[in-house]
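Q: I am new to this structure. Could you show me how to read it, one feature at a time?

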Amino acid sequence: MDTNWTKSFKTRPIGVIGMGSFGAAISNLLAEKNEVLVYARDEAVVQAINETHRVKNRQLASKIRATSDPELLCEACEVMFPMIPSSAFREVMVQFAPFLHPYHFLIHGTKGLSLNLPEGKNLENVSYLKRENICTMSEVILQETVVERIGCLAGPNLATELLDHQPGATVVASRYEEVVREGQRLLRSDNFQVYGNSDIVGVELSGVLKNIIAIASGALSGLGLGDNAKGLLVSRGMVELIHLGKAMGGRTQSFLGLAGIGDLVTTCNSTLSRNYTLGYRLAAGEKLPDIVGDMEEVAEGINTVKLVKRYLESTNMRAPITENLYKVLFENFKVETALQYLMKYPSYTDIDFL
């Protein structure tokens, strides 16, 4: 570990783990008030950041430097922001675990779920999926590291807009008030508002479950349907999101805030959303493997639909949007057919969660 390089920082840097589009956006926001040290596995990415202050044609602030050494990052930084796809999140936490200590803060920005099954088991060979088998990223951190002071970021945070310095906001959620305050102190600016919430699981699930509805919303647009249909989907999607979220341990209030309805409205109407784009292309007749292979970054909603569908099978719950979207994604169901099923679904009460 190059301790001399670490000591070259004037103040203790803030760490960012992962340099996808959201990682780059958060790094720039943090660099407005702090020196930032980012971790990337790819040495070419590290070199490009340190020499040109760019990553994948995204401009980075001059205060940002990069390393591929987890130990160096953990030694240099007390506060770190993991920005890793859910499919790699557990693996990266295991990689960082030997260098993490109880004094570290970890505030993640991953809107996905992770499986927690006995060794040798996977989604294909288990007949049930209970809540304890599905982990939010804060639960993964608790399982794999000694870190307790954990938070998450969630809200309408389209990375492209943040990288363009457009106004935005997020929620920092944590069971620890000091984590919320630190996240607010580091990220809040004249152009970026940061709210706090103590319901970390509810805020995480808001960001996760809304991706299901965003895929469906993109599919409606891909069919050329209008705003009446979109309003119907978003409002009924909100009801479904709240029922699922409460069953999985979140509080209703969290789903009605910025991380819930704020993020839902944004991603259900934006061509910048990967999940919306996925749904749009499905409705246009493209196949899921072709779309996934063509996307620069993962659409987290695909895995979320798969896990939530299996979870539903282990309960007495129904979630008609999720169930029909699963058929579209994995059973060659036509979007038009799924829409007809939803229009005929026997549910006539508007609000039943308050």
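Q: What should I know about the model and its numbering?
A: The model is predicted, with local features needing pLDDT of at least 70 and side-chain atom pairs pLDDT 80 or more, while totals for chains, interfaces and linings use all residues. Residues are numbered from 1 along each chain as its sequence is written, and side-chain values use heavy atoms, leaving out hydrogens and water.

Q: Which residues is F81 in contact with?
A: Contact means heavy atoms within 4.5 Å. Leaving aside neighbours within four places in sequence, the contacts of F81 include I14, V16, I107 and L153. F81 itself belongs to strand β6 (residues 79-82); strands (E, at least two residues) and helices (H or I, at least four) are DSSP runs, numbered from the N terminus.

Q: How do strands form a sheet, and in what order do they stand here?
A: Strands of a sheet pair through backbone hydrogen bonds, either parallel or antiparallel. Two strands count as paired if DSSP finds at least two bridges between them. Here eight strands make an open sheet with mixed pairing, in the order β5-β2-β1-β6-β7-β10-β11-β12. β5 (64-67) and β12 (192-197) each have a single partner strand, so one side of each lacks a neighbour in the sheet.

Q: How many bridges join β7 to β10?
A: Four bridges link these parallel strands, and L106 stands opposite I150 in β10.
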